[in-house]
Amino acid sequence: MTILCVRFQLPPMYEAALPELLGLLEEFTPVVEALPPDGALADLRGAERYFGRDAVELASVIRVRALALYGVDCVIGAGPGPMLARMALRDARPGLTRAVPGGEARAFLDGKPVAALPGVGTATARTLCEYGLDTLGRVAAAPLSTLQRLVGAKAGRELHEKARGVDRGRVVPNGVSRSLAADRPFDRDELDPDRHRRALLSAAGELGARLRAVGKVCRTLTLTVRYADRSATTRSRTLKEPTAHSAALTRTAYDLYEALGLQRARVRSIALRAESLTPAEHASHQLTFDPVDEKVRRIEEVADRARAKFGPRAVMPGSLAA
């Protein structure tokens, strides 16, 4: 076991603490890949030799330091590769590292549903289940040619290898998450357009705060509306300029929603996803002479500092984007 997948128990929207926690991991290994908003992958091959401890022992030290220095608990999965470490994380609990040794990968995977494998979407899982391949053990036992006929040559080979515990992934240092999402489910199927818009306002405000906390801007915003019959509509729009400005994200979200032309739709949830993320320092911003816009941006800066100092509840998400 050389790879750790760590998820810090951060409150929602509190990614401002993530860079410091990544720095904690980098005290053990320089091979750390950020998984915003609250996680990371760490390759400990060199650290195991240097410290004379295995990955599970190092995970315990990381957990203690995170608690002592930052007051943040974490759950940790360990495995011989990133895929198995991520899957082990799902079975982990605070205070206990879930470890999957390389020799036990097949036993760990065999009983899991096929949808539990990273990269297997709903459509692929449905196709496999229709042919009785509903667990990873059955997928691993199936002939490669059968899987390739069902899901394609390349996907079939990858599926066959992963189901057998072959993990060819690697940890990419300083890897940047390509998207951030904010989901707003309703307690019951919602007909009121005003409540839909309030959900959009809240989600856009959250995305803006999270983007600014990690120093990113997005180029594309995607809206997904899920309905009572479990169907969904997804629309995307490329922004005029990359931004993390909550007001700009909110305007785009409203435009996407209005373009759907929903008539008495029973909406189960609304989700926004910021995509095509790039570092904020590399983005250009069109100057404006609108004093209201500049005032809102200054207020955002103050609100972000308040969140970083007092926590995510210091400012309610979406309250500045109206």
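Modeller: The chain holds 12 helices and 10 strands, and the model is a predicted one. Buried residues make up 44% of the 322 residues. Of the contacts with a separation of 6 or more, 66% join residues 24 or more positions apart.

Colleague: How many aromatic pairs does a search of the whole structure find?

Modeller: The search finds two aromatic pairs. One of them is formed by Phe28 and Phe51, with 5.6 Å centre to centre and 50° between the planes.

Colleague: Why is the pair of Phe28 and Phe51 called tilted?

Modeller: The centres count as paired within 6.5 Å, and stacked requires planes under 30 degrees apart, edge-to-face over 60. The values for Phe28 and Phe51 are 5.6 Å and 50°, so the rings pair and the class is tilted.

Colleague: What makes this pair a tie between parts of the chain that are apart in sequence?

Modeller: Phe28 belongs to the loop between helix 1 (18-26) and strand 2 (32-35), while Phe51 belongs to helix 2 (residues 45-51), so the pair connects parts 23 residues apart in sequence.

Colleague: Why is the pair of Tyr50 and Phe51 described as edge-to-face?

Modeller: The planes of Tyr50 and Phe51 stand at 85° and the centres are 5.0 Å apart. Because edge-to-face begins over 60 degrees, the pair of Tyr50 and Phe51 receives that name.

Colleague: How do you know that the charged end of Arg197 lies over the ring of Tyr254?

Modeller: The charged end of Arg197 is 3.9 Å from the centre of the Tyr254 ring, and the limit is 6 Å, together with an angle within 35 degrees of the ring normal. The pair is accordingly listed as a charge over a ring.

Colleague: What lines the second largest pocket?

Modeller: The second largest pocket contains about 340 Å³ of space. Its lining has 16 residues, and the closest to the centre are Pro82, Met83, Lys162, Asp167 and Gly169. Helix 4 (82-90) and helix 9 (153-163) each give two or more residues to this lining. By class, the lining has six nonpolar, two polar and eight charged residues.

Notes. Residues are numbered from 1 along each chain as its sequence is written. This is a predicted model: local features need pLDDT of at least 70, side-chain atom pairs count only at pLDDT 80 or more; totals for chains, interfaces and linings use all residues. Side-chain values use heavy atoms; hydrogens and water are left out. Rings of Phe, Tyr and Trp (its six-membered ring) pair if their centres lie within 6.5 Å; planes under 30 degrees apart count as stacked, over 60 as edge-to-face and the rest as tilted. Helices (H or I, at least four residues) and strands (E, at least two) are DSSP runs, numbered from the N terminus. On a 1 Å grid over the protein atoms alone, a cavity is a set of points where a 1.4 Å probe fits but cannot get out, and a pocket is an open set with protein on both sides within 12 Å along at least five of seven lines; lining residues have an atom within 4 Å of a point. Grid points are joined across faces, edges and corners, and a volume is the space filled by probe spheres set on the points. Ala, Val, Leu, Ile, Met, Phe, Trp, Tyr, Cys and Pro count as nonpolar, Asp, Glu, Lys and Arg as charged, and the others, Gly among them, as polar. Buried means under 20% relative accessible area, exposed over 50%, partly exposed in between (1.4 Å probe, protein chains only). Contact means heavy atoms within 4.5 Å.
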